[in-house]
Amino acid sequence: MGEIQLMKGNEAIAEAAIRAGCDAYFGYPITPQSEILEYLAAANPEKRTGMIVLQAESELAAINMVYGAAAAGKKVMTTSSSPGISLMQEGLSYMAGAQLPGVIVNVVRGGPGLGTIQPSQSDYFQSTKGGGHGDYRLLVLAPASVQEMSDHVKLAFDLAFKYRNPVLILTDGLIGQMMEKVELFDPVPRSKTLPDWAACGKKGRPHNIITSLHLDAYEHEKMNQKLKEKYALMQKNEVRYETYYCEDADYLIVAYGASARISQKTVTLARNRGIKLGLLRPITLFPFPSEAIARLAAQLNGILSVEMSHGQMVEDVLLATRQYPALRVEHFGRFGGVVHTPEEILEAFIKLFIQLN
Amino acid sequence: MAIEGTVVVEIDRCKGCGLCIEACPQHVLDFADSKVNIKGYRYVVLTSAGCTGCTNCAIVCPDRVLTIYRKKEA
Amino acid sequence: MESTDIIKPENLVYKRSRLMTEQPLSYCPGCGHGTVTNLIAEVIEELGIESEVIGIAPVGCAVTVYDFIAIDWIGAAHGRATAVATAVKRVLPDRYVFTYQGDGDLAAIGTAETIHACNRGENITIIFVNNGIYGMTGGQMAPTTLEGMKTSTCPYGRDVNMQGPPIDITRMIAVLSGTYYVTRQAVHTPAAVRKTKKALLKAFELQKTNKGVSFIEIVSNCNSGWKMSPVDANRWMEEKMFKIYPLGDIKVDGKMLV
């Protein structure tokens, strides 16, 4: 039984970073996730584990600091929110191109533009389809509780180094700001050794070069082929999701993060009215649980993708169920920072699927 | 007895920029007469005696194609 | 006397650093980047720190400098080398870390990173080659392009009313307390090369004392960008560039000289 605490989601992320053996954190203030940098600054982990915490002059500088520490072979992390994450896209493309591990957390707020500080899920495309330039993907985890905010940090570091690829934790202001009980995992000691590919001083080996540049197109194509195979491997081995009342479901909600929590209540409300509604919660958004959804599609009359956005993940659900063209797939979601209620979701569901007259 | 030095040119790495010719206080370096290297660049050669091995040419050469020897005093 | 009997190991007084790889340099004939790249290899070799140094390569003419010197390198995004260097030095404080950047990289897109790394007093060495133009991309106007100087993006000469005068980022960062040694050198004559080498040696050695940033600007020619022969370009540089970018130490032991 690990140490139990009552924490904000943001604070759980910060504490988990220290416990996961993170070597360095580079961040920048932005609502709704400034608590992460504040917590790390107050915790002064340099004393506890030697972990470096530095506030950068911009998210642009922060992600390039992450790139640098990662290139040196270290466990490194940054966190921000939507506008800041947009500034980091170039850096993420460079990290993917140079095959560098690292953990990035996006506590999403309403967009586009300066948007709002309330929660949203409108960064799904940017997160899962590669928001920067070039063919690359981030492995994307979507926590739906303060517990997962902590657990996913450790998981993210493991996956980042397993695949030498940046890993994104896609959460939102709701989960970041709310407080919940969390069982913290036991601290993992910071690594004493550096990977053999790292640029950390060539003692006892030929020199290493960390770069995403190959002026020879055929060389660059070879590197891209390696990335393509890496993402296929992720799709094969790293899909994670949860199901809720799906065994006998006639209808399915697909929702992640905050929307999944809210939709659980909608499932209960629907079942109270005799509607066999189930919920599938993707935990990894890339790789997307397409097969799981496809398997369920056979028994379903309709799928509702519930997202606090105009509808982005719904496209992946449509892709996943393309062998069932007759199966209706719809989206519902408040957006712009407004959080939908379980009742609103049920009402939309009934209008879309039940009251067809 | 005058100090004697010499310059060994890696002909195929020379880019014919001429900076060494400019830097040589003894004016003993010049482009080879109507010859080019494997890359098509004119390259430099020692044209006459008088090199003192002062290394001026070598340290202004952006491609470090000049290796300098200087005869130690007997 | 035939010069061949002078060519003996004991008579060797100068040769290319063994840290230079076999890769021919990609720089144009007569370009100062070549001299600077070789000087860095010579300094690292002489200080015996080849296994403890990490270079941060820019985007610009020196973008593939990591192919030329056999040390560990990290290629940074355009303008971000000083942020990358900041992190590398923070997570590996006992290593030598330096950036190699051009004027576009350091004084245009990377201005904020340059200023804040200097203001934080990172214990890194910043090597800044200022040739008043964007060379790699074909000779466009840079922040350090001189008034009236023609480039592909100010073909009628830089108009300071429209594009502002050439910026002196080196003096700007010198006033920040985080910079400890700030100097402006050149590599167009033997004497200038020797001074630049001394400055590089001093800068790398300073990293051990954790006193803050050592910043070396090297004013250099750009023969293809300026459309001049290497010799003419160096002469033009002396007449024009040195007026706006005068050589010499600007800050030593944390104190402003100029």
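This is a predicted model: local features need pLDDT of at least 70, side-chain atom pairs count only at pLDDT 80 or more; totals for chains, interfaces and linings use all residues.
1. The seven-stranded sheet of chain A. Chain A holds an open sheet of seven strands with mixed pairing, in the order 3-2-4-5-7-6-13. Strand 3 (52-55) and strand 13 (284-286) of chain A stand at its edges; each has a single partner strand, so one side of each lacks a neighbour in the sheet. From one strand to the next, the twist averages 20 degrees.

2. Strand 14 of chain A and its partners. Strand 14 (residues 302-306) of chain A is largely enclosed by the rest of the structure, because five of its five residues are buried. A:Gly302, A:Leu304 and A:Val306 point one way from the strand, while A:Ile303 and A:Ser305 point the other way, and all are buried. Strand 14 of chain A runs parallel to strand 11 (residues 251-254) of chain A, to which four bridges join it; in this pairing A:Ile253 stands opposite A:Leu304. Five bridges join strand 14 of chain A to strand 15 (residues 328-332) of chain A, again in parallel. Here the bridge partner of A:Ser305 is A:His331 of strand 15 of chain A.

3. Helix 1 against helix 2 in chain A. Helix 1 (residues 9-19) and helix 2 (34-43) of chain A pack at an angle of about 45 degrees, with their axes 8 Å apart. The two helices of chain A are therefore oblique to each other, and their crossing is right-handed. Helix 1 of chain A contributes A:Asn10, A:Glu11, A:Ile13, A:Ala14, A:Glu15 and A:Ile18 to the contact, and helix 2 of chain A contributes A:Glu35, A:Ile36, A:Tyr39, A:Leu40 and A:Ala43. By class, this contact has seven nonpolar, one polar and three charged residues. Within helix 2 of chain A, the buried residues include A:Glu35, A:Ile36 and A:Leu40. The residue that follows helix 2 of chain A is A:Asn44, with a positive phi near 45 degrees.

4. Helix 11 against helix 14 in chain A. The axes of helix 11 (residues 257-272) and helix 14 (residues 342-354) of chain A lie 8 Å apart at an angle of about 60 degrees. Helix 11 and helix 14 of chain A are therefore oblique, and they cross in a right-handed sense. The contact involves A:Ile262, A:Ser263, A:Lys265, A:Thr266, A:Leu269 and A:Ala270 from helix 11 of chain A, with A:Pro342, A:Glu343, A:Ile345 and A:Leu346 from helix 14 of chain A. Its residues comprise six nonpolar, two polar and two charged.

5. A sheet with strands from chains A and C. An open sheet of nine strands has mixed pairing and the order 9(A)-3(C)-2(C)-4(C)-5(C)-9(C)-8(C)-10(C)-11(C). Its edges are strand 9 (209-210) of chain A and strand 11 (255-256) of chain C; each has a single partner strand, so one side of each is left without a neighbour in the sheet. Strand 2 (residues 53-57) and strand 4 (residues 96-102) of chain C run parallel and are joined by four bridges, with C:Phe98 as the bridge partner of C:Gly55.

6. Helix 7 of chain C. Helix 7 (residues 190-206) of chain C lies across several strands of chain C, among them strand 5 (125-130) and strand 9 (213-219), and runs at about 160 degrees to strand 8 (179-186) of chain C. Helix 1 (residues 32-47) of chain C packs against helix 7 of chain C at about 50 degrees, with their axes 10 Å apart. That angle makes the two helices of chain C oblique, and the crossing is right-handed. By class, their contact has eight nonpolar, two polar and four charged residues.

7. C:Asp168. This residue, C:Asp168, lies in the loop between helix 5 (160-163) and helix 6 (169-174) of chain C. C:Asp168 has a relative accessible area of 16% and is therefore buried. Apart from neighbours within four places in sequence, C:Asp168 is in contact with C:Arg184, C:Glu217, C:Ile244 and C:Tyr245.

Note on methods:
Residues are numbered from 1 along each chain as its sequence is written. Chains are lettered from A and ligands numbered from 1 in the order in which they are written. Side-chain values use heavy atoms; hydrogens and water are left out. Axes are lines fitted to C-alpha atoms, for helices over the stretch in contact, and angles run from 0 to 180 degrees between N-to-C directions. Angles under 35 degrees count as roughly parallel, over 145 as roughly antiparallel, 65 to 115 as roughly perpendicular and the rest as oblique. A crossing is left-handed if the near helix is turned anticlockwise from the far one by less than a right angle, and right-handed if clockwise. Contact means heavy atoms within 4.5 Å. Ala, Val, Leu, Ile, Met, Phe, Trp, Tyr, Cys and Pro count as nonpolar, Asp, Glu, Lys and Arg as charged, and the others, Gly among them, as polar. Buried means under 20% relative accessible area, exposed over 50%, partly exposed in between (1.4 Å probe, protein chains only). Two strands pair if DSSP finds at least two bridges between them.
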